[in-house]
There are 2 protein chains.
Amino acid sequence: MGEAEQAGSTQEGAARRAGKAPSTEETQRVFESLRNAVLDQRLPPGLQLKEQALADAFGVNRAVVRQALARLEIYRLVTHAPNRGVFVAHPSAAEGRDLFTARRYIEAAIVELAVERLKDADIARLRALVRQERQAYEAQDVRKALRLSVDFHLQLADAVGNTVLASFLDEIVTRMPLVVLAHRRESPPACMLDDHEQILDAIAAGDAGRARALMIEHVGHLEGRVSLDRGTQQGDSGIARLLGLEEGCGS
Amino acid sequence: MGEAEQAGSTQEGAARRAGKAPSTEETQRVFESLRNAVLDQRLPPGLQLKEQALADAFGVNRAVVRQALARLEIYRLVTHAPNRGVFVAHPSAAEGRDLFTARRYIEAAIVELAVERLKDADIARLRALVRQERQAYEAQDVRKALRLSVDFHLQLADAVGNTVLASFLDEIVTRMPLVVLAHRRESPPACMLDDHEQILDAIAAGDAGRARALMIEHVGHLEGRVSLDRGTQQGDSGIARLLGLEEGCGS
DNA sequence: GATTACATGATTGTCAACAATTTTCAGAGA
DNA sequence: TCTCTGAAAATTGTTGACAATCATGTAATC
């Protein structure tokens with residue numbers, strides 16, 4: 001299933017943020033491959049991850065796979081059913097709502113701090129990232145665009161320099177793709193390419209209130225792409241999910 | 001070292017918040033015992049946690065201990081030195097600052113939501129907790145008071161009902177004792193027994209702005225008990241730490 | 001006396017075999 | 001056709017042994 005990933009700025013950043021000390025490089029490698037697979041929406045919720053299959057695929061021992069899976073479980077990317085196995089998580093609507101609510105607060109905190117702490121070089125780097133993201137969209141490379149879109153948020157958090165808030169945001173955005181897969185709307189609304197750019201403008205202008213409002217609105221746009229209403233079932237049961245596998249626009 | 005803990009409302013709550021699915025009950029048991037030991041400030045930063053010793057102490061296999069330690073590592077309660085072992089974390093001053101900053105934002109979010117969502121029964125339960133806390137202080141049971149003080153924050157978060165924010169706060173408050181141990185001020189300022197009560201009053205009165213301000217101020221009081229100035233060394237080197245093992249007042 | 005080289009012990013990391021549990025599937029019976 | 005039973009296969013959980021690495025203490029050398 002998940003094999004070697006393309007090296008990118010996200011991987012090392014994630015290692016610093018979430019993965020921490022590589023408790024044996026092998027475990028870390030397997031963990032990050034699976035985590036990246038989730039980020040790229042390659043793993044459908046509910047899929048069983050069998051230890052031996054993963055061990056064979058990665059060329060490692062089952063014990064290593066087991067540790068990687070245990071770590072994924074802590075980040076709630078998989079659920080562990082005792083004596084049954086681990087399955088890609090299938091977040092409930094309530095969980096999705098909690099994630100978006102928490103994301104609003106965390107992102108608001110980050111932009112607030114960004115106005116105070118970001119250097120010109122940081123803003124320039126983030127602007128370059130937004131340009132890349134736009135190019136990816138224009139090139140129809142949706143997967144890459146989605147990834148760059150996530151990277152924008154993560155690198156903004158990194159630039160702010162608060163490791164705790166950065167790791168929290170990292171956990172949230174990593175769990176988001178599963179929420180999207182489990183609760184996608186049939187007709188996704190139009191993509192919002194300009195949000196990131198406007199947020200950067202507000203930060204660069206030192207307008208904390210506007211930056212904060214824009215970011216909260218941006219998260220609202222993202223939440224609009226899924227249906228998390230209070231009556232929604234936990235997620236469609238298998239078949240319906242496989243029909244909507246083409247991904248929309250990003251984070 | 002850490003053996004069975006007194007059962008209390010925190011344990012099950014923590015299991016729901018942070019611990020998640022008990023990937024084999026044994027692992028969860030070991031993890032929580034060690035986590036509780038950190039919360040009670042029984043584990044000095046820098047102490048090595050040897051796998052075999054823990055396995056013997058808990059009567060479990062080394063693999064179980066290994067998984068529990070890996071989990072502790074993700075919460076940054078321990079640091080893992082490859083081929084050397086795991087050691088109780090020794091948070092830097094920068095890490096401490098990040099934790100307090102993040103805590104301000106998270107707690108502010110929680111009280112904001114608390115004003116909207118808390119039922120009368122929730123408030124009554126929290127008031128009872130504050131009373132217990134006061135009694136513990138009056139009875140000079142500092143350890144219990146500290147624990148109840150932490151419980152107040154965690155149960156407030158639980159009552160709000162956002163599992164994501166609750167788990168974030170859980171991680172923060174669990175890491176705090178290590179920051180305190182590593183960067184304790186010589187003369188702790190007076191304890192602030194009334195903060196929790198006033199926060200509850202503001203929430204009960206529906207005054208979100210005041211509740212938020214009081215909570216931020218409260219976190220400021222907590223931060224005042226440690227010295228995290230930008231010139232401070234990572235922590236004193238062993239001997240000095242052992243001299244100041246008696247604990248102050250809580251969270 | 002201080003320092004380096006080396007042997008010893010302790011600890012972590014890896015692995016494969018075994019046990020326990022669950023799932024699957026074939027077949028009997030209603 | 002459906003359901004129940006039970007054996008077989010597949011999967012997870014556990015344990016112990018072995019290898020690799022690091023820390024400790026001793027002896028030799030400058």
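1. Of the atoms of DNA strand D within 4 Å of the protein, 73% are sugar or phosphate atoms, and the rest belong to bases. Bear in mind that this is a predicted model, where local features need pLDDT of at least 70 and side-chain atom pairs pLDDT 80 or more, while totals for chains, interfaces and linings use all residues. Residues are numbered from 1 along each chain as its sequence is written, chains are lettered from A and ligands numbered from 1 in the order in which they are written, and side-chain values use heavy atoms, with hydrogens and water left out.

2. Who sits around the strand? There are 16 residues around DNA strand D, and Lys50(A), Arg62(A), Arg66(A), His80(A) and Arg84(B) come nearest. "Near" here means a heavy atom of the residue within 4 Å. By type, the surface splits into three nonpolar, seven polar and six charged residues (nonpolar: Ala, Val, Leu, Ile, Met, Phe, Trp, Tyr, Cys and Pro; charged: Asp, Glu, Lys and Arg; polar: the others, Gly among them). Helices (H or I, at least four residues) and strands (E, at least two) are DSSP runs, numbered from the N terminus.

3. Now the individual contacts. An N or O atom in the side chain of Arg62(A) is 2.7 Å from a base nitrogen of DNA strand D. The phosphates get attention too: a polar side-chain atom of His80(A) lies 3.0 Å from a phosphate oxygen, and a polar backbone atom of Asn83(A) is 3.2 Å from a phosphate oxygen.

4. Over to helix 4 of chain B (residues 62-74). Its 13 residues reach 19 Å from first C-alpha to last, close to the 18 Å expected at 1.5 Å a residue (the expected span is 1.5 Å times one less than the number of residues). Asn61(B) caps the N-terminal end, with a side-chain oxygen 2.8 Å from the backbone nitrogen of Ala63(B). After the helix comes Arg76(B), with a positive phi near 60 degrees.

5. Last, the chain B sheet. Three strands form an open, antiparallel sheet in the order 1-3-2; strands pair if DSSP finds at least two bridges between them. Strand 1 (48-49) and strand 2 are at the edges with a single partner strand each, so one side of each has no neighbour in the sheet. Four bridges join strand 2 (residues 78-81) to strand 3 (residues 85-88), and Thr79(B) has Phe87(B) as its bridge partner. Their hairpin has three residues between the strands, and Asn83(B) takes a positive phi near 65 degrees there.

Note on methods
A polar contact is a pair of N or O atoms within 3.5 Å; within protein, one must be able to donate a hydrogen and the other to accept it, and residues adjacent in sequence count only if both atoms are side-chain atoms.
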